[in-house]
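Hello,

Here is the structure you asked to look at. My notes on it follow below.

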Amino acid sequence: MLIAPVCFSQLAWNNVDSLFGDMPASMHVYKSTSAIDGKANIAYYVSADLKDLSLEFTAEAEDRKRLTPSQYYQQNQFPLLVVNCTFFDVSTGQNLNTVIKNNIPLSFNVG
């Protein structure tokens, strides 16, 4: 068993659902402004019930195109949430991680 002797930070999270308009009851947004190592920090996380059948979870990957989360938001007709979940090569725009949608690989892990 490994026990960490030091915890580097604990963030204080506050529910900020009201800042995001109408959302499904199974989805919540939390925000923290707790400093990390004495430096300013703003972080968000979303919790969503994966068993809620009214929510659709999907993925997108535009290989060799560097779309911003705002561009994905517009391209996908304003979904509840857009999360940037992959790394890409800044010089080529190539995705460097595996992305799968409906059992079809959209991009591959570059090793």
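Leu 19, Phe 20, Ile 42 and Tyr 44 make a nonpolar surface patch of about 460 Å². Patches are made of residues with over 30% relative accessible area and no salt bridge, where like charges are joined within 9 Å and nonpolar side chains (Val, Leu, Ile, Met, Phe, Trp, Tyr) within 5 Å. A salt bridge here is a side-chain nitrogen of Lys or Arg within 4 Å of a carboxyl oxygen of Asp or Glu. Accessible areas come from the Shrake-Rupley method with a 1.4 Å probe, and for residues only the protein chains shown count as cover.

Phe 20 has a relative accessible area of 43%, so it is partly exposed (buried means under 20%, exposed over 50%, partly exposed in between, with a 1.4 Å probe and protein chains only).

**Where this comes from**

This is a predicted model, in which local features need pLDDT of at least 70 and side-chain atom pairs count only at pLDDT 80 or more, while totals for chains, interfaces and linings use all residues. Residues are numbered from 1 along each chain as its sequence is written, and side-chain values use heavy atoms, with hydrogens and water left out.

**The chain and its strands**

The protein chain has 1 helix and 5 strands, in the order β-β-β-α-β-β from the N terminus on. Helices (H or I, at least four residues) and strands (E, at least two) are DSSP runs, numbered from the N terminus. Of the 111 residues in the chain, 18% are buried.

Two strands pair if DSSP finds at least two bridges between them. Strand 1 (residues 14–15) and strand 2 (residues 27–32) run antiparallel and are joined by 2 bridges. Strand 2 is also joined to strand 3 (residues 43–48), again antiparallel, by 6 bridges. Tyr 30 in strand 2 stands opposite Asn 15, and Tyr 30 also stands opposite Tyr 45 in strand 3.

**Two residues with positive phi**

Most residues other than glycine have a negative phi. Asp 37, in the loop between strand 2 and strand 3, has a positive phi near 50 degrees. Its relative accessibility is 63%, so Asp 37 counts as exposed. Asn 103 has a positive phi of about 65 degrees and is found in the loop between strand 4 (99–101) and strand 5 (104–107). Asn 103 is exposed because its relative accessibility is 75%.

Regards
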